[in-house]
Amino acid sequence: MHRGKGMKFVGDSRVPAMRKPNIPKDYSEYPGKTEAFWPNFLLKEWMVGSVFLIGFLCLTVAHPSPLERIADPTDTSYIPLPDWYFLFLYQLLKYSFASGPYTVIGAIVIPGLAFGALLLAPFLDRGPERRPSKRPVAVGMMLLTLAAIIFLTWESVVTHDWEAAAEQGKIRAEVEIDKNAEGYKILEANTCLTCHGENLQGGPAAPSLVGTGLSPEEIANIAKNGQGGMPGGIFKGTDEELQKLAEFVAGLKAE
Amino acid sequence: MLNKIYDWVDERLDITPLWRDIADHEVPEHVNPAHHFSAFVYCFGGLTFFVTVIQILSGMFLTMYYVPDIKNAWESVYYLQNEVAFGQIVRGMHHWGASLVIVMMFLHTLRVFFQGAYKKPRELNWIVGVLIFMVMMGLGFTGYLLPWDMKALFATKVGLQIAEATPVIGPAIKTLLAGHHEIVGAQTLTRFFAIHVFFLPGALLGLMAAHFLMIRKQGISGPL
(Lines give C-alpha, C1' and ligand atoms only; values in the text may rest on other atoms or scores of the structure.)
Protein backbone atom coordinates (compact mmCIF):
# COMPACT_ATOMS: atom_id res chain seq x y z
CA MET A 1 0.00 0.00 0.00
CA HIS A 2 1.25 3.42 -0.91
CA ARG A 3 1.51 5.69 2.10
CA GLY A 4 3.02 8.99 3.10
CA LYS A 5 4.58 11.49 0.71
CA GLY A 6 3.35 11.56 -2.85
CA MET A 7 -0.03 9.96 -2.11
CA LYS A 8 -2.72 10.75 -4.65
CA PHE A 9 -6.38 11.19 -3.80
CA VAL A 10 -9.65 11.26 -5.72
CA GLY A 11 -10.38 14.97 -6.14
CA ASP A 12 -10.24 16.76 -2.83
CA SER A 13 -11.57 13.71 -0.93
CA ARG A 14 -9.68 11.42 1.43
CA VAL A 15 -10.20 8.39 -0.85
CA PRO A 16 -6.82 7.17 -2.19
CA ALA A 17 -6.48 7.23 -5.95
CA MET A 18 -4.70 3.83 -5.82
CA ARG A 19 -7.42 1.17 -6.33
CA LYS A 20 -7.24 -2.13 -4.50
CA PRO A 21 -7.77 -5.19 -6.71
CA ASN A 22 -11.08 -6.95 -6.05
CA ILE A 23 -9.86 -10.55 -5.80
CA PRO A 24 -10.85 -13.20 -3.26
CA LYS A 25 -8.46 -14.62 -0.70
CA ASP A 26 -6.58 -17.81 -1.53
CA TYR A 27 -7.89 -20.65 0.63
CA SER A 28 -5.80 -23.46 -0.91
CA GLU A 29 -3.32 -23.53 1.97
CA TYR A 30 -5.91 -23.48 4.77
CA PRO A 31 -6.17 -26.72 6.84
CA GLY A 32 -8.61 -29.50 5.92
CA LYS A 33 -11.49 -28.74 3.62
CA THR A 34 -11.77 -25.08 4.54
CA GLU A 35 -14.15 -23.26 2.21
CA ALA A 36 -14.67 -19.66 1.20
CA PHE A 37 -17.71 -18.09 2.83
CA TRP A 38 -18.49 -16.17 -0.36
CA PRO A 39 -19.89 -17.59 -2.53
CA ASN A 40 -19.40 -21.32 -1.81
CA PHE A 41 -20.70 -21.62 1.72
CA LEU A 42 -23.32 -18.88 1.50
CA LEU A 43 -24.96 -20.79 -1.37
CA LYS A 44 -25.33 -23.86 0.86
CA GLU A 45 -26.64 -21.71 3.69
CA TRP A 46 -29.27 -20.33 1.34
CA MET A 47 -30.34 -23.85 0.41
CA VAL A 48 -30.76 -24.75 4.09
CA GLY A 49 -32.59 -21.45 4.56
CA SER A 50 -35.06 -22.08 1.73
CA VAL A 51 -35.89 -25.60 2.93
CA PHE A 52 -36.43 -24.14 6.40
CA LEU A 53 -38.59 -21.34 5.00
CA ILE A 54 -40.81 -23.77 3.06
CA GLY A 55 -41.37 -25.86 6.19
CA PHE A 56 -42.09 -22.71 8.17
CA LEU A 57 -44.62 -21.43 5.60
CA CYS A 58 -46.37 -24.83 5.60
CA LEU A 59 -46.74 -24.47 9.38
CA THR A 60 -48.25 -21.00 9.11
CA VAL A 61 -50.73 -22.14 6.46
CA ALA A 62 -51.70 -25.33 8.31
CA HIS A 63 -52.10 -23.65 11.71
CA PRO A 64 -53.56 -20.13 11.59
CA SER A 65 -52.39 -18.15 14.59
CA PRO A 66 -54.95 -18.12 17.40
CA LEU A 67 -57.02 -15.11 18.39
CA GLU A 68 -59.33 -15.16 21.39
CA ARG A 69 -62.19 -12.77 22.07
CA ILE A 70 -61.44 -9.14 22.84
CA ALA A 71 -59.95 -8.55 26.29
CA ASP A 72 -62.56 -8.11 29.00
CA PRO A 73 -60.92 -7.04 32.29
CA THR A 74 -64.18 -7.60 34.19
CA ASP A 75 -64.21 -11.35 33.50
CA THR A 76 -62.70 -12.64 36.73
CA SER A 77 -63.32 -16.32 35.97
CA TYR A 78 -60.74 -16.40 33.17
CA ILE A 79 -57.84 -18.76 33.88
CA PRO A 80 -54.68 -17.13 32.46
CA LEU A 81 -51.95 -18.95 30.58
CA PRO A 82 -48.69 -17.49 29.23
CA ASP A 83 -47.05 -18.51 25.97
CA TRP A 84 -45.46 -21.97 26.09
CA TYR A 85 -41.90 -20.80 26.72
CA PHE A 86 -42.93 -19.13 29.98
CA LEU A 87 -44.93 -22.15 31.22
CA PHE A 88 -42.09 -23.51 33.39
CA LEU A 89 -41.91 -20.23 35.30
CA TYR A 90 -45.70 -20.11 35.61
CA GLN A 91 -45.74 -23.67 36.96
CA LEU A 92 -42.91 -22.98 39.43
CA LEU A 93 -45.04 -20.24 40.97
CA LYS A 94 -47.79 -22.74 41.76
CA TYR A 95 -45.71 -24.67 44.30
CA SER A 96 -46.18 -23.69 47.92
CA PHE A 97 -42.46 -23.04 48.50
CA ALA A 98 -42.54 -20.50 45.67
CA SER A 99 -45.91 -18.81 46.06
CA GLY A 100 -47.90 -16.74 48.55
CA PRO A 101 -45.43 -15.25 51.04
CA TYR A 102 -42.56 -16.97 49.18
CA THR A 103 -43.44 -15.58 45.72
CA VAL A 104 -40.14 -13.74 45.72
CA ILE A 105 -38.35 -17.11 45.73
CA GLY A 106 -40.22 -18.44 42.70
CA ALA A 107 -40.44 -15.17 40.81
CA ILE A 108 -37.02 -13.66 41.43
CA VAL A 109 -34.55 -15.79 43.39
CA ILE A 110 -34.67 -19.06 41.43
CA PRO A 111 -34.91 -17.54 37.91
CA GLY A 112 -32.39 -14.87 38.92
CA LEU A 113 -29.87 -17.47 40.08
CA ALA A 114 -30.38 -19.53 36.93
CA PHE A 115 -30.03 -16.59 34.55
CA GLY A 116 -27.20 -15.10 36.58
CA ALA A 117 -25.29 -18.38 36.40
CA LEU A 118 -25.96 -18.57 32.66
CA LEU A 119 -24.73 -15.01 32.15
CA LEU A 120 -21.57 -15.61 34.18
CA ALA A 121 -20.91 -19.15 32.92
CA PRO A 122 -17.47 -18.26 31.44
CA PHE A 123 -16.33 -17.00 34.84
CA LEU A 124 -17.79 -19.87 36.85
CA ASP A 125 -16.46 -22.58 34.53
CA ARG A 126 -12.92 -21.27 34.10
CA GLY A 127 -10.87 -24.39 33.30
CA PRO A 128 -9.25 -24.69 29.88
CA GLU A 129 -11.11 -27.95 29.08
CA ARG A 130 -13.89 -27.71 26.52
CA ARG A 131 -15.07 -31.33 26.26
CA PRO A 132 -18.32 -31.92 28.21
CA SER A 133 -16.85 -35.04 29.85
CA LYS A 134 -13.98 -32.98 31.29
CA ARG A 135 -16.20 -30.43 33.05
CA PRO A 136 -18.81 -32.47 34.89
CA VAL A 137 -19.99 -29.70 37.24
CA ALA A 138 -20.98 -27.19 34.56
CA VAL A 139 -22.51 -29.84 32.31
CA GLY A 140 -24.30 -31.49 35.25
CA MET A 141 -25.83 -28.19 36.37
CA MET A 142 -27.04 -27.48 32.85
CA LEU A 143 -28.55 -30.96 32.47
CA LEU A 144 -30.32 -30.57 35.82
CA THR A 145 -31.72 -27.19 34.79
CA LEU A 146 -32.86 -28.63 31.46
CA ALA A 147 -34.57 -31.52 33.23
CA ALA A 148 -36.27 -29.08 35.61
CA ILE A 149 -37.51 -26.87 32.74
CA ILE A 150 -38.84 -29.87 30.81
CA PHE A 151 -40.49 -31.31 33.93
CA LEU A 152 -42.14 -28.00 34.91
CA THR A 153 -43.40 -27.38 31.37
CA TRP A 154 -44.77 -30.91 31.23
CA GLU A 155 -46.51 -30.54 34.60
CA SER A 156 -48.02 -27.25 33.50
CA VAL A 157 -49.36 -28.78 30.29
CA VAL A 158 -50.95 -31.82 31.92
CA THR A 159 -52.56 -29.89 34.77
CA HIS A 160 -54.10 -27.26 32.47
CA ASP A 161 -57.66 -27.84 31.31
CA TRP A 162 -57.18 -27.20 27.60
CA GLU A 163 -60.85 -27.69 26.67
CA ALA A 164 -62.04 -25.18 29.24
CA ALA A 165 -59.27 -22.84 28.11
CA ALA A 166 -60.39 -23.06 24.49
CA GLU A 167 -64.01 -22.51 25.55
CA GLN A 168 -63.34 -19.51 27.78
CA GLY A 169 -61.46 -17.67 25.05
CA LYS A 170 -63.76 -18.32 22.09
CA ILE A 171 -64.89 -15.41 20.00
CA ARG A 172 -68.64 -15.28 20.52
CA ALA A 173 -71.10 -14.02 17.97
CA GLU A 174 -72.95 -10.98 19.22
CA VAL A 175 -76.71 -11.55 19.06
CA GLU A 176 -79.53 -9.41 20.26
CA ILE A 177 -81.39 -11.62 22.67
CA ASP A 178 -84.99 -10.81 23.44
CA LYS A 179 -84.96 -11.12 27.21
CA ASN A 180 -88.74 -10.78 27.35
CA ALA A 181 -89.33 -13.78 25.11
CA GLU A 182 -91.13 -16.68 26.70
CA GLY A 183 -88.28 -19.03 25.83
CA TYR A 184 -85.76 -16.80 27.64
CA LYS A 185 -87.98 -16.70 30.75
CA ILE A 186 -88.14 -20.49 30.78
CA LEU A 187 -84.33 -20.69 30.52
CA GLU A 188 -84.09 -18.28 33.44
CA ALA A 189 -86.57 -20.24 35.53
CA ASN A 190 -84.65 -23.48 34.99
CA THR A 191 -81.25 -21.99 36.07
CA CYS A 192 -79.81 -22.48 32.57
CA LEU A 193 -78.34 -18.96 32.70
CA THR A 194 -76.17 -19.76 35.72
CA CYS A 195 -73.78 -21.69 33.48
CA HIS A 196 -74.66 -20.57 29.96
CA GLY A 197 -74.57 -16.88 30.85
CA GLU A 198 -77.10 -14.08 30.79
CA ASN A 199 -76.55 -13.47 27.11
CA LEU A 200 -76.34 -17.21 26.50
CA GLN A 201 -72.70 -16.59 25.57
CA GLY A 202 -71.47 -19.61 27.52
CA GLY A 203 -68.85 -19.69 30.25
CA PRO A 204 -66.00 -21.74 31.64
CA ALA A 205 -68.30 -24.68 32.36
CA ALA A 206 -70.79 -24.49 29.50
CA PRO A 207 -70.82 -23.74 25.77
CA SER A 208 -72.64 -20.86 24.10
CA LEU A 209 -76.28 -21.47 23.17
CA VAL A 210 -76.05 -19.16 20.18
CA GLY A 211 -75.72 -20.73 16.76
CA THR A 212 -75.57 -24.31 18.01
CA GLY A 213 -76.85 -25.66 14.70
CA LEU A 214 -79.00 -28.22 16.56
CA SER A 215 -82.65 -29.05 15.86
CA PRO A 216 -85.32 -28.32 18.53
CA GLU A 217 -85.62 -32.06 19.22
CA GLU A 218 -81.89 -32.40 19.91
CA ILE A 219 -81.94 -29.35 22.17
CA ALA A 220 -84.94 -30.66 24.09
CA ASN A 221 -83.10 -33.93 24.58
CA ILE A 222 -79.96 -32.21 25.92
CA ALA A 223 -82.05 -29.97 28.23
CA LYS A 224 -83.67 -33.05 29.72
CA ASN A 225 -80.87 -35.58 29.78
CA GLY A 226 -77.75 -33.44 29.85
CA GLN A 227 -74.59 -33.76 27.76
CA GLY A 228 -70.86 -33.80 28.57
CA GLY A 229 -70.36 -31.95 31.87
CA MET A 230 -74.08 -31.10 32.12
CA PRO A 231 -76.09 -33.51 34.26
CA GLY A 232 -79.60 -34.63 33.32
CA GLY A 233 -82.72 -33.42 35.10
CA ILE A 234 -81.86 -29.72 35.21
CA PHE A 235 -84.98 -28.90 33.24
CA LYS A 236 -87.97 -29.21 35.56
CA GLY A 237 -90.82 -27.70 33.53
CA THR A 238 -93.63 -29.20 31.50
CA ASP A 239 -93.33 -30.72 28.04
CA GLU A 240 -94.97 -27.65 26.57
CA GLU A 241 -92.34 -25.40 28.15
CA LEU A 242 -89.60 -27.71 26.94
CA GLN A 243 -90.93 -27.36 23.40
CA LYS A 244 -90.90 -23.55 23.66
CA LEU A 245 -87.39 -23.52 25.15
CA ALA A 246 -86.02 -25.79 22.44
CA GLU A 247 -87.55 -23.69 19.66
CA PHE A 248 -86.18 -20.50 21.23
CA VAL A 249 -82.64 -21.83 21.48
CA ALA A 250 -82.75 -23.37 18.00
CA GLY A 251 -83.82 -19.97 16.68
CA LEU A 252 -80.72 -18.20 18.07
CA LYS A 253 -78.52 -17.84 15.01
CA ALA A 254 -75.23 -16.04 14.85
CA GLU A 255 -75.16 -13.23 12.34
CA MET B 1 -22.84 -2.66 -16.80
CA LEU B 2 -22.93 -3.75 -13.16
CA ASN B 3 -19.13 -3.78 -13.14
CA LYS B 4 -19.06 -0.26 -14.50
CA ILE B 5 -21.44 0.93 -11.78
CA TYR B 6 -19.30 -0.86 -9.19
CA ASP B 7 -16.12 0.75 -10.53
CA TRP B 8 -17.77 4.16 -10.60
CA VAL B 9 -18.78 3.86 -6.93
CA ASP B 10 -15.50 2.23 -5.95
CA GLU B 11 -13.44 5.03 -7.49
CA ARG B 12 -15.27 7.55 -5.36
CA LEU B 13 -15.78 5.62 -2.12
CA ASP B 14 -13.15 2.85 -2.14
CA ILE B 15 -15.68 0.13 -1.21
CA THR B 16 -13.51 -2.83 -2.25
CA PRO B 17 -11.80 -3.27 1.15
CA LEU B 18 -15.21 -3.18 2.83
CA TRP B 19 -16.69 -5.70 0.46
CA ARG B 20 -13.68 -8.06 0.68
CA ASP B 21 -13.89 -7.85 4.44
CA ILE B 22 -17.50 -9.11 4.33
CA ALA B 23 -16.94 -11.72 1.64
CA ASP B 24 -13.52 -13.14 2.58
CA HIS B 25 -13.58 -15.33 5.61
CA GLU B 26 -12.92 -18.97 5.73
CA VAL B 27 -15.42 -21.63 6.84
CA PRO B 28 -13.43 -24.36 8.61
CA GLU B 29 -14.15 -27.99 7.81
CA HIS B 30 -15.51 -28.88 11.27
CA VAL B 31 -18.44 -26.43 11.05
CA ASN B 32 -19.47 -27.35 7.50
CA PRO B 33 -22.41 -29.81 7.34
CA ALA B 34 -21.43 -30.59 3.74
CA HIS B 35 -18.35 -32.42 5.12
CA HIS B 36 -19.56 -33.64 8.51
CA PHE B 37 -23.30 -34.01 8.91
CA SER B 38 -23.08 -33.62 12.70
CA ALA B 39 -21.97 -30.05 12.05
CA PHE B 40 -25.66 -29.16 11.54
CA VAL B 41 -25.54 -28.01 15.18
CA TYR B 42 -23.64 -24.98 13.88
CA CYS B 43 -26.73 -23.99 11.85
CA PHE B 44 -28.80 -22.98 14.89
CA GLY B 45 -27.22 -19.57 15.29
CA GLY B 46 -27.66 -18.73 11.63
CA LEU B 47 -31.25 -19.97 11.69
CA THR B 48 -31.96 -17.80 14.74
CA PHE B 49 -30.75 -14.83 12.70
CA PHE B 50 -32.83 -15.96 9.72
CA VAL B 51 -36.02 -16.16 11.79
CA THR B 52 -35.18 -12.82 13.39
CA VAL B 53 -35.07 -11.28 9.92
CA ILE B 54 -38.46 -12.88 9.18
CA GLN B 55 -39.76 -11.39 12.45
CA ILE B 56 -38.55 -7.91 11.55
CA LEU B 57 -40.04 -8.05 8.04
CA SER B 58 -43.39 -9.58 9.04
CA GLY B 59 -43.59 -7.19 12.00
CA MET B 60 -43.10 -4.22 9.68
CA PHE B 61 -46.03 -5.41 7.59
CA LEU B 62 -48.18 -6.03 10.68
CA THR B 63 -47.77 -2.42 11.81
CA MET B 64 -49.39 -1.33 8.52
CA TYR B 65 -52.69 -2.55 9.95
CA TYR B 66 -52.23 -2.77 13.70
CA VAL B 67 -53.63 0.04 15.87
CA PRO B 68 -52.27 0.15 19.44
CA ASP B 69 -55.30 1.23 21.41
CA ILE B 70 -57.70 -0.80 23.48
CA LYS B 71 -60.72 -0.15 21.28
CA ASN B 72 -59.14 -0.94 17.94
CA ALA B 73 -56.21 -3.27 18.67
CA TRP B 74 -58.30 -6.44 18.70
CA GLU B 75 -60.49 -5.23 15.84
CA SER B 76 -57.44 -4.48 13.69
CA VAL B 77 -55.93 -7.90 14.39
CA TYR B 78 -59.26 -9.58 13.64
CA TYR B 79 -59.53 -7.64 10.39
CA LEU B 80 -55.95 -8.49 9.46
CA GLN B 81 -56.53 -12.15 10.25
CA ASN B 82 -59.84 -12.54 8.40
CA GLU B 83 -60.17 -9.83 5.75
CA VAL B 84 -56.75 -8.71 4.53
CA ALA B 85 -55.20 -10.69 1.65
CA PHE B 86 -52.38 -12.88 3.05
CA GLY B 87 -52.91 -11.23 6.44
CA GLN B 88 -53.30 -14.64 8.01
CA ILE B 89 -49.95 -15.73 6.56
CA VAL B 90 -48.11 -12.61 7.68
CA ARG B 91 -49.54 -12.78 11.18
CA GLY B 92 -48.91 -16.53 11.22
CA MET B 93 -45.26 -15.98 10.32
CA HIS B 94 -44.88 -13.46 13.13
CA HIS B 95 -46.76 -15.64 15.64
CA TRP B 96 -44.99 -18.93 14.90
CA GLY B 97 -41.71 -17.18 14.19
CA ALA B 98 -41.72 -15.91 17.78
CA SER B 99 -41.79 -19.50 19.04
CA LEU B 100 -39.23 -20.59 16.47
CA VAL B 101 -36.77 -17.86 17.48
CA ILE B 102 -36.95 -19.10 21.07
CA VAL B 103 -36.44 -22.72 19.99
CA MET B 104 -33.51 -21.96 17.67
CA MET B 105 -31.88 -19.59 20.15
CA PHE B 106 -32.22 -22.18 22.91
CA LEU B 107 -30.60 -24.87 20.73
CA HIS B 108 -27.82 -22.44 19.76
CA THR B 109 -27.20 -21.62 23.44
CA LEU B 110 -27.02 -25.33 24.30
CA ARG B 111 -24.58 -25.98 21.43
CA VAL B 112 -22.28 -23.23 22.61
CA PHE B 113 -22.60 -24.32 26.23
CA PHE B 114 -21.95 -28.02 25.77
CA GLN B 115 -19.01 -27.36 23.45
CA GLY B 116 -17.51 -25.00 26.00
CA ALA B 117 -17.19 -22.44 23.22
CA TYR B 118 -17.75 -19.56 25.67
CA LYS B 119 -14.32 -20.01 27.25
CA LYS B 120 -11.45 -17.59 26.91
CA PRO B 121 -11.23 -15.57 24.69
CA ARG B 122 -14.96 -15.62 23.90
CA GLU B 123 -16.44 -14.64 27.31
CA LEU B 124 -17.72 -11.27 26.09
CA ASN B 125 -19.54 -12.76 23.15
CA TRP B 126 -21.27 -15.23 25.46
CA ILE B 127 -22.46 -12.38 27.70
CA VAL B 128 -23.80 -10.47 24.70
CA GLY B 129 -25.52 -13.70 23.60
CA VAL B 130 -27.25 -14.13 26.97
CA LEU B 131 -28.36 -10.47 26.79
CA ILE B 132 -29.85 -11.19 23.35
CA PHE B 133 -31.65 -14.14 24.95
CA MET B 134 -33.19 -11.81 27.55
CA VAL B 135 -34.18 -9.23 24.94
CA MET B 136 -35.90 -11.99 22.95
CA MET B 137 -37.84 -13.10 26.03
CA GLY B 138 -38.84 -9.47 26.53
CA LEU B 139 -40.01 -9.27 22.93
CA GLY B 140 -42.07 -12.43 23.44
CA PHE B 141 -43.62 -11.08 26.62
CA THR B 142 -44.51 -7.63 25.25
CA GLY B 143 -45.70 -8.98 21.89
CA TYR B 144 -48.09 -11.38 23.57
CA LEU B 145 -50.24 -8.49 24.84
CA LEU B 146 -50.60 -6.65 21.55
CA PRO B 147 -53.58 -8.57 20.03
CA TRP B 148 -55.47 -7.47 23.16
CA ASP B 149 -57.48 -10.67 23.46
CA MET B 150 -58.35 -12.52 26.66
CA LYS B 151 -55.21 -14.60 26.97
CA ALA B 152 -53.04 -11.59 26.18
CA LEU B 153 -54.55 -9.43 28.90
CA PHE B 154 -54.55 -12.07 31.63
CA ALA B 155 -51.08 -13.45 30.85
CA THR B 156 -49.74 -9.89 31.04
CA LYS B 157 -51.45 -9.36 34.39
CA VAL B 158 -49.65 -12.45 35.72
CA GLY B 159 -46.37 -11.32 34.18
CA LEU B 160 -46.65 -7.91 35.79
CA GLN B 161 -47.41 -9.53 39.15
CA ILE B 162 -44.19 -11.51 38.79
CA ALA B 163 -42.26 -8.31 38.01
CA GLU B 164 -43.89 -6.67 41.03
CA ALA B 165 -42.52 -9.41 43.30
CA THR B 166 -38.99 -8.01 42.86
CA PRO B 167 -37.81 -6.69 46.22
CA VAL B 168 -37.66 -2.90 46.66
CA ILE B 169 -37.95 -1.84 42.98
CA GLY B 170 -40.79 -4.24 42.04
CA PRO B 171 -43.70 -1.75 42.20
CA ALA B 172 -41.64 0.86 40.32
CA ILE B 173 -40.89 -1.65 37.52
CA LYS B 174 -44.56 -2.53 37.28
CA THR B 175 -45.60 1.12 37.06
CA LEU B 176 -42.93 1.77 34.45
CA LEU B 177 -44.11 -1.12 32.29
CA ALA B 178 -47.86 -0.81 32.80
CA GLY B 179 -48.14 2.99 33.03
CA HIS B 180 -50.15 2.67 36.24
CA HIS B 181 -49.57 0.94 39.57
CA GLU B 182 -52.80 -1.03 39.33
CA ILE B 183 -54.64 -0.77 36.02
CA VAL B 184 -53.56 -2.87 33.06
CA GLY B 185 -55.22 -0.92 30.28
CA ALA B 186 -54.81 1.70 27.59
CA GLN B 187 -51.46 2.94 28.91
CA THR B 188 -50.11 -0.57 29.22
CA LEU B 189 -50.96 -1.38 25.62
CA THR B 190 -49.23 1.69 24.18
CA ARG B 191 -46.20 1.15 26.40
CA PHE B 192 -45.88 -2.49 25.43
CA PHE B 193 -46.27 -1.47 21.79
CA ALA B 194 -43.47 1.07 22.10
CA ILE B 195 -41.24 -1.40 23.94
CA HIS B 196 -41.99 -4.18 21.46
CA VAL B 197 -41.55 -2.10 18.31
CA PHE B 198 -38.87 0.45 19.20
CA PHE B 199 -36.95 -0.11 22.43
CA LEU B 200 -36.25 -3.84 22.34
CA PRO B 201 -35.62 -4.12 18.56
CA GLY B 202 -33.17 -1.23 18.88
CA ALA B 203 -31.35 -3.01 21.69
CA LEU B 204 -31.53 -6.27 19.73
CA LEU B 205 -29.94 -4.79 16.59
CA GLY B 206 -27.12 -3.26 18.61
CA LEU B 207 -26.43 -6.49 20.49
CA MET B 208 -26.58 -8.57 17.30
CA ALA B 209 -24.10 -6.23 15.60
CA ALA B 210 -21.73 -6.69 18.56
CA HIS B 211 -22.31 -10.47 18.46
CA PHE B 212 -21.42 -10.74 14.76
CA LEU B 213 -18.46 -8.35 14.92
CA MET B 214 -16.96 -10.43 17.72
CA ILE B 215 -17.45 -13.65 15.75
CA ARG B 216 -15.68 -12.12 12.74
CA LYS B 217 -12.86 -10.82 14.89
CA GLN B 218 -12.28 -14.08 16.78
CA GLY B 219 -13.44 -16.71 14.31
CA ILE B 220 -15.50 -19.77 15.17
CA SER B 221 -14.16 -21.87 18.06
CA GLY B 222 -12.02 -24.81 16.95
CA PRO B 223 -13.06 -28.47 16.93
CA LEU B 224 -13.33 -30.22 20.31
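**View 1. Two domains of chain A, with centres 49 Å apart.** In this predicted model, the C-alpha centres of domain 1 and domain 2 of chain A are separated by 49 Å. Domain 1 covers residues 84-159 in the domain assignment, and domain 2 covers 182-251.

**View 2. The annotated transmembrane stretches of chain A.** An unreviewed UniProt entry marks residues 46-63, 102-124 and 136-154 of chain A as "transmembrane region". Residues 46-63 are 94% helix and 0% strand. Their end C-alpha atoms lie 25 Å apart. Residues 102-124 are 91% helix, again with 0% strand. Here the end C-alpha atoms are 28 Å apart.

**View 3. The span of chain A that UniProt lists as "domain: Cytochrome c".** The annotation comes from an unreviewed entry and takes in residues 178-253 of chain A.

**View 4. A:Ile171 in the loop between α6 and α7 of chain A.** Helix α6 covers residues 162-169, helix α7 covers 182-189, and A:Ile171 sits in the loop between them. Is A:Ile171 buried, partly exposed or exposed? A:Ile171 has 13 C-beta neighbours inside 10 Å, so it counts as partly exposed. The cut-offs are 20 or more for buried and 12 or fewer for exposed. Apart from neighbours within four places in sequence, A:Ile171 is in contact with A:Glu68 and A:Arg69. A:Gln201 is 30 residues away from A:Ile171 along the chain. The C-alpha atoms of these two residues are 9.7 Å apart.

**View 5. The side of chain A that touches chain B.** Contacts link 60 residues of chain A with 64 residues of chain B. On the chain A side, at least two residues each come from β1 (35-36), α1 (37-62), α3 (103-119), α4 (121-124) and α5 (136-159). Which of these elements gives the most? It is α1(A), with 12 residues. By residue class, this side of chain A has 37 nonpolar, eight polar and 15 charged residues.

**View 6. A strand pairing between chain A and chain B.** Strand β1(A) is joined by two bridges to β1 of chain B, residues 26-27. The two strands run antiparallel. Within this pairing, A:Glu35 has B:Val27 of β1(B) as its bridge partner. Strand β1(A) is also among the elements that supply at least two residues to the side of chain A touching chain B.

Terms used: Residues are numbered from 1 along each chain as its sequence is written. Chains are lettered from A and ligands numbered from 1 in the order in which they are written. This is a predicted model: local features need pLDDT of at least 70, side-chain atom pairs count only at pLDDT 80 or more; totals for chains, interfaces and linings use all residues. Domain bounds come from an automatic or database domain assignment. UniProt positions are given in the numbering used here, feature names are shortened, and annotations may be inferred rather than shown by experiment. Helices (H or I, at least four residues) and strands (E, at least two) are DSSP runs, numbered from the N terminus. Two residues are in contact if their C-beta atoms, placed from the backbone, lie within 7 Å. Ala, Val, Leu, Ile, Met, Phe, Trp, Tyr, Cys and Pro count as nonpolar, Asp, Glu, Lys and Arg as charged, and the others, Gly among them, as polar. Two strands pair if DSSP finds at least two bridges between them.
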